[in-house]
Amino acid sequence: MVTIEQKLSLFSNLLHRTMDDNFKLEMEELRKEYEIKMQKNKEAVHKEAESIINAAKKKAEAERTELISRNRVELKKEYMFLKEKYFSVLMDRIKKELEVFADSEDYPAYMQKLAGRLRTLDIASKGLEISLAGRDCDKYAGVLRQALSGMDTTQIIFRQAKDDIIGGFIAEDQENDMRIDMSLKALLEDNKAFIMQTFFQAIETGDQNVL
């Protein structure tokens, strides 16, 4: 027969063991729950960190792309500016070469050739005005008058051109609203597009002998 003391002792042992087992189970549950929460928090923090890093990378890449694009635009502007600058230098050099030609021994024959070309146009005019460069007025007026003597025109007047035509001449008939520009300046302007194309192509192919 089990006494009251024995029953109390047995109950106490059972209660103590039960509390220990329950405590261990609760602690295990708490530990598992804590680990799950920690893992979730860790994943959330990692995800947020990745999001921040990716956003920073995208921002940095966007800024890099914008910077490269802006630099390209600036470089292109600078490149175009330099091309135009050097083209202007080239045109000035060609103009100087034409001025040298206008003072050369080959120039009189060139003026005769221009007069012959004008004469072949078979222009009928009561009054033809020939505009010459300042230095050519006295020097070539008589030569041109003789060269144009076969033209069907009543009168030929020679005068100094208002603009710097470099050389050659401009023939005008005010009554018939006719203007034939055979000046060296017009020759240069007429070939400007070709000179520009040739010059820019030479730059693109790395030709350093243009200038």
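Residues are numbered from 1 along each chain as its sequence is written. In this predicted model, local features need pLDDT of at least 70, side-chain atom pairs count only at pLDDT 80 or more, and totals for chains, interfaces and linings use all residues, while side-chain values use heavy atoms, with hydrogens and water left out.

Biologist: Which element of the protein chain has the highest mean pLDDT?

Modeller: pLDDT is the predictor's confidence in each residue, from 0 to 100. The protein chain averages 81, and 80% of the residues score at least 70. Helices (H or I, at least four residues) and strands (E, at least two) are DSSP runs, numbered from the N terminus. Helix 1 (residues 4–102) has the lowest mean among the elements, 77, and the highest, 94, belongs to helix 4 (residues 184–190).

Biologist: Which residue in strand 4 is the bridge partner of A171?

Modeller: Two strands pair if DSSP finds at least two bridges between them. Strand 3 (residues 169–173) and strand 4 (residues 178–181) run antiparallel and are joined by 4 bridges. They form a hairpin with 4 residues between them, and D177 in the turn has a positive phi of about 50 degrees. In strand 4, A171 is partnered by I180.

Biologist: How many residues apart in sequence are the parts that D103 and R135 tie together?

Modeller: A salt bridge is a side-chain nitrogen of Lys or Arg within 4 Å of a carboxyl oxygen of Asp or Glu. D103 and R135 form one, with the closest N and O atoms 3.5 Å apart. D103 lies in the loop between helix 1 and helix 2 (107–119), and R135 in the loop between strand 1 (125–132) and helix 3 (137–147), so the parts tied together are apart in sequence by 32 residues.

Biologist: Is E172 buried or exposed?

Modeller: E172 forms a salt bridge with R159, the closest N and O atoms being 3.0 Å apart. Buried means under 20% relative accessible area, exposed over 50%, and partly exposed in between (1.4 Å probe, protein chains only). R159 has 26% and counts as partly exposed. At 13%, E172 is buried.

Biologist: Which residues do salt bridges with shared partners join into one network?

Modeller: The side chains of R179 and D181 meet in a salt bridge at 3.5 Å, N to O. R179 is exposed at 53% relative accessibility, and D181 is partly exposed at 31%. Salt bridges that share partners give one network of E129, R159, E172, R179 and D181.
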